Amino acid sequence: MTDPALTPLHLGQTSALPTRPEEAELDYVPNPRPGRNYLVRFAVPEFTSLCPVTGQPDFAHLVIDYAPGDTIVESKSLKLFLGSFRNHAAFHEDCTVGIGERLFTEMKPVWLRIGGYWYPRGGIPIDVFWQSGAPPQDLWLPAQDVPGYRGRG
């Protein structure tokens with residue numbers, strides 16, 4: 001019998017972009033390779049949020065890596081969740097760490113890390129990193145390979 005909590009709400013459906021991250025519903029589906037250590041990577045080169053002081057847009061390249069537990073995050077719901085930050089005013093640190101913590105808390109992966117490579121604000125690029133703990137020893141963990149700021153490309 002299928003767990004109704006693991007039935008995707010967005011996949012194959014027309015879904016509106018949530019206006020706030022708190023309204024976004026992330027879908028999780030069963031891990032197709034349970035009991036195996038493997039890495040899933042999402043690269044998000046066009047992430048946007050708003051500066052909480054000026055209201056101006058901020059841009060980042062996010063890299064989310066995780067080793068699945070019993071579930072994986074469904075990518076369309078993740079895109080909608082990340083898109084909901086377009087009108088969300090928060091500092092870089094809050095956005096980056098908050099995304100990582102929400103995914104880790106809800107999905108319960110074996111391990112998760114997020115790198116937020118933010119484009120300059122006031123002439124200073126801000127990079128924010130968070131991980132849930134030490135990665136499993138036998139996990140292939142490639143470098144995130146987002147270059148230091150020089151036009152980020």
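A salt bridge is defined here as a side-chain nitrogen of Lys or Arg within 4 Å of a carboxyl oxygen of Asp or Glu. Both residues belong to helix α2 (residues 92-107), where a spacing of four residues corresponds to about one turn of the helix. Helices (H or I, at least four residues) and strands (E, at least two) are DSSP runs, numbered from the N terminus.

Glu106 has a relative accessibility of 34% and therefore counts as partly exposed. Buried denotes under 20% relative accessible area, exposed over 50%, and partly exposed the range in between (1.4 Å probe, protein chains only).

## Basis of the model

The model is predicted: local features require pLDDT of at least 70 and side-chain atom pairs count only at pLDDT 80 or more, whereas totals for chains, interfaces and linings use all residues. Residues are numbered from 1 along each chain as its sequence is written, and side-chain values use heavy atoms, with hydrogens and water left out.

A network of salt bridges links Arg20, Glu22 and Glu23.

By the stated rule, the count of salt bridges comes to six. Side chains of opposite charge can pair when their charged atoms come close.

## Chain-level description

The protein chain contains two helices and six strands, arranged along the sequence in the pattern β-β-β-β-α-α-β-β. Of its 153 residues, 42% count as buried.

Among contacts in the protein chain with a separation of 6 or more, 70% involve residues 24 or more positions apart; a contact means heavy atoms within 4.5 Å. The protein chain exposes about 8700 Å², of which carbon and sulfur atoms supply 55%. Accessible areas come from the Shrake-Rupley method with a 1.4 Å probe, and for residues only the protein chains shown count as cover.
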